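Hello,

Here is the structure you asked to look at. Please open it first, then read my notes below.

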Amino acid sequence: MSTDPQIWVQAICTLACYSYLIKENPAYRVAEYTLVALYTSYNITRLYHSFIKPYFINYCLEERQYYFIVMGLLGLLLYARYAPPQYRWLARYPIALQVGWGLGGSLARSPRPVFTQVADVMRPLNSIDNVVFFVCFLVVMSYFFFTVAKESKFIQGSGRIGRYIMMIGFGTAFGNTVQGRISLFLNRLTFLLTDWIGLSV
Amino acid sequence: MKREVPLVLTFVMTLLRFGFEMLNPMLTYEISEGVRLFSRISFSVTFMYCMGLFMGLINLTRVHGNTIRRRREHWIYSVWLLIVMYGYAILGLFFGGMESKPFTWIYDAVIVPLDSTMFSLLAFFIASAAYRAFRIRNVESVIMMVVAFIVMLGNVSLGEVLWSSEAFLGGFKGLKDWFLATPNAASQRAIGIGVFLGSYAAILRVALGLEKRYLGGID
C-alpha cells in the first residue's frame, strides 16, 4: 500500500466519486462541490497569471500602451450586471465588442474547413468505396432538403436511406464515446490497484 | 444608447476583424517596428474580457450564499464549496501563483482524479441510458446499436479473437475502419455542411443586429 499522502488523497477522491454508483451520498456530494469550487478558482488563477498580469506588465507598464487600461476599464463594465438596474445596460458594451470581434473571426475562418471537406467529397468515382461514399453523402444531404416537397417517392426514399446512413455515423460516435469512458474507468481502476494498493497487474 | 450603440459596436468590430482576416495589407499593418495592429487589438480584446474573470466566483457566491442564508437542503455543502473556492483562489492569486507547490499539489491530488473519475462515471450511465433510449424498437436503432457494437469490437483484442483482421473483410477491425472511413465520414460531411450553413446564418443575423438576445434582457 502506498505511503504517499498525495496518492491517498487521489484514491479517496476516486472512491468518493464511485460511491455514487451505489447511491447518492455525502462523500459524492463533497467530491462534486469540491470539483466545482476548485475548477472555478483554477480558471481564475490561470486567467490572471496567463493574461491579466503579463499583459498589464508588458503592454501598460513597459510599453506604455495606455489603451490597454481603457480596454481593462471596459472589461470591468461586465460587473455592471450586479449593479442597480438602471446601470446594468453598461455591461452590454464589453459584450458587444467581444462578440463582434469573435463573429468577424468566425465569418472569415469558418468557411475554410467546410470548403476543404466539400472538396474532399468530390472524389473520382473510380472505386466502390468512393461511389458508396458519394452516394451516402448525397442521401444524407437529401434528408436535409426541407425546401423540396416530400411527396415525391424518390425524395422520401433517399431521405429514409440518409437517416439510416446518419445512424451508422451516430453508431460509430457512440461506440467510440463508450470506449473512451471505459478506458478512463480502467485508468482509474489501474491507479487504485497498482499505485494505491500496490498490486502488480 | 442602451441597445443601439452596442449593436453598432458589434457590427463595427465584426467588419474590422473580417477586414483583418481577409485583407493582407490590413493584417500585416505595423504600428511600429515588428508590432502588428491586428495582434495589439486582439490582445487588448482578450485583456478586456479576461477582466470578467471573477464573474464565475461572484455568481457561485450569490447562488450558494442564498442557499446558506435560507438554510436550504444541503446548505452545509455550499459552505464547503465557498471555503474551498476562496481558499484555492487566494492560494493561486497571492501565494506563488500556478507554479507554487501547494497549488500544483492540490491540482494533481484532487482536480485530476476527480475530473477523470467524473468522466469515467459516464461509462456506466451511458450504457444504461443507451439501453433505455435505444431499445431496439425500429430499424434506425438496430443500425445504430449494431454499428456501435462492431466499432467497439473492432477496437479491442476480443474482436480480433472472434473475427481476425486477416479473415474475410478484414474482420471486425476491417469493418470498423470501413464504417469510419466511408458511411460515417460521408454522413459527418453532410451534417457538417448543414451545421455550417445554419451557424453562418446565425452569425450574420447577430452581426447585422437582427438577433439581439446575446445582449440580455437588461435595460
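**Domains of chain A**

The C-alpha centres of domain 1 and domain 2 of chain A are 34 Å apart. Please keep in mind that this is a predicted model. The domain assignment places domain 1 of chain A at residues 1-65 and domain 2 of chain A at 124-201. The two domains do touch: 5 residues of domain 1 of chain A and 7 residues of domain 2 of chain A take part in the contact. On the domain 1 side, there are 3 nonpolar residues, 2 polar and no charged.

**Chain A against chain B**

Next, the contact between the chains. It takes 97 residues from chain A and 98 residues from chain B. Seen from chain A, several helices supply at least two residues each, including helix 1 (5-18), helix 4 (92-109) and helix 7 (153-196). Which helix of chain A gives the most to this side? Helix 2 of chain A does, with 23 residues. By class, the side of chain A that touches chain B has 62 nonpolar, 25 polar and 10 charged residues.

**A helix pair in chain A**

Two packed helices are described by the angle between their axes and the distance between the axes. Take helix 6 and helix 7 of chain A. Their axes come within 7 Å and cross at roughly 110 degrees. Angles of 65 to 115 degrees count as roughly perpendicular, so helix 6 and helix 7 of chain A are roughly perpendicular to each other. Among the residues that meet are A:C136, A:V139 and A:Y143 in helix 6, and A:I155, A:G159 and A:M166 in helix 7. This contact has 8 nonpolar, 4 polar and 1 charged residues.

**Helix 9 of chain B**

Last, look at residues 171-207 of chain B, which form helix 9. Its 37 residues should span 54 Å at 1.5 Å a residue. The end C-alpha atoms are 51 Å apart, so the two values agree. Helix 9 of chain B also has a kink of about 40 degrees, centred on B:N184. After the helix comes B:G209, with a positive phi near 80 degrees.

Best wishes

Definitions and conventions:
Residues are numbered from 1 along each chain as its sequence is written. Chains are lettered from A and ligands numbered from 1 in the order in which they are written. This is a predicted model: local features need pLDDT of at least 70, side-chain atom pairs count only at pLDDT 80 or more; totals for chains, interfaces and linings use all residues. Domain bounds come from an automatic or database domain assignment. Ala, Val, Leu, Ile, Met, Phe, Trp, Tyr, Cys and Pro count as nonpolar, Asp, Glu, Lys and Arg as charged, and the others, Gly among them, as polar. Helices (H or I, at least four residues) and strands (E, at least two) are DSSP runs, numbered from the N terminus. The expected span of a helix is 1.5 Å times one less than its number of residues. The bend at a residue is the angle between axes fitted to the seven residues ending there and the seven starting there. Axes are lines fitted to C-alpha atoms, for helices over the stretch in contact, and angles run from 0 to 180 degrees between N-to-C directions. Angles under 35 degrees count as roughly parallel, over 145 as roughly antiparallel, 65 to 115 as roughly perpendicular and the rest as oblique.
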